[in-house]
Amino acid sequence: MEPTGNAKFVEFHTLADPKTMPFVGSRVLEWPYVEGLRMDEALHPLTLLAFGMYGEVLPNQNGAPVRLVVPWKYGFKSAKSIVKIRFVEKQPRTAWVKAAASEYGFYSNVNPNVDHPRWSQATERRIGEDGIFAKKRPTLMFNGYEAQVGPMYAGLDLSKNF
Ligand SMILES: Nc1nc2c(c(=O)[nH]1)N[C@H]1C(S)=C(S)[C@@H](COP(=O)(O)O)O[C@H]1N2
Ligand SMILES: [Mo]
């Protein structure tokens, strides 16, 4: 089918192979895992469809053959092992929204000012800084990319669109 030009969102569908992906049998989420981005987010130069990592082809556990990387959003926004990409008019129903819409919204932006219903998102420890005596550091808005991506969300209530 020819694209119509009406798309407002991009929907990413992923592989769910119970033989090589044991957790696909668990009932935490509905599989295949689905993620989505608004068109402007998908077209942003910081958004990557990644085929490799550290100069090598992606290992299976990191999402071979191709995964999404969206640096200003929480890691769960980055769908791995993508097998289908759809351009759609309506906001996609993502795997986490289907599982718990009150806890995980469509946007999944890193936002230290909006707590998860069950925990604060204001501080973090980075890999290599962990350990019981390590002090947490303040989490930056949009993971530190506020200047680059903040304007895309002007006028959007981020406490409702979390
Ligand atoms: N295909 C697929 N991609 C997925 C998931 C999944 O279950 N299936 N889980 C998501 C979640 S919840 C997280 S936290 C990240 C974890 O991967 P990372 O540590 O490589 O970012 O992958 C995301 N991408
Ligand atoms: Mo996760």
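In the predicted structure, 3 strands are arranged as an open sheet whose order is S2-S1-S7, and the pairing between them is antiparallel. The edge positions are taken by strand S2 (34–38) and strand S7 (82–88), each of which has a single partner strand, so one side of each remains without a neighbour in the sheet. On average, and with direction ignored, neighbouring strands of this sheet are turned by 20 degrees against each other. Strand S1, which covers residues 9–14, runs antiparallel to S7 and is joined to it by 6 bridges; within this pairing, the bridge partner of His13 in S7 is Lys84.

Side chains of opposite charge can pair when their charged atoms come close, and 9 salt bridges are found in the structure. One of these links the side chains of Glu41 and Lys73, with an N to O distance of 2.8 Å. Because Glu41 belongs to helix H1 (residues 39–43) whereas Lys73 lies in the loop between strand S6 (67–69) and S7, the pair ties together parts that are 32 residues apart in sequence. Glu41 and Lys73 are both buried.

A salt bridge is also formed between Arg137 and Glu129, for which the closest N and O atoms are 2.5 Å apart. Arg137 is partly exposed, at a relative accessible area of 30%, and Glu129 likewise counts as partly exposed, at 25% relative accessibility. In the salt bridge between Asp157 and Lys160, the closest N and O atoms are 3.2 Å apart; Asp157 counts as partly exposed at 34% relative accessibility, whereas Lys160, with a relative accessible area of 64%, is exposed.

Note on methods: Residues are numbered from 1 along each chain as its sequence is written. Chains are lettered from A and ligands numbered from 1 in the order in which they are written. This is a predicted model: local features need pLDDT of at least 70, side-chain atom pairs count only at pLDDT 80 or more; totals for chains, interfaces and linings use all residues. Side-chain values use heavy atoms; hydrogens and water are left out. Two strands pair if DSSP finds at least two bridges between them. Helices (H or I, at least four residues) and strands (E, at least two) are DSSP runs, numbered from the N terminus. Axes are lines fitted to C-alpha atoms, for helices over the stretch in contact, and angles run from 0 to 180 degrees between N-to-C directions. A salt bridge is a side-chain nitrogen of Lys or Arg within 4 Å of a carboxyl oxygen of Asp or Glu. Buried means under 20% relative accessible area, exposed over 50%, partly exposed in between (1.4 Å probe, protein chains only).
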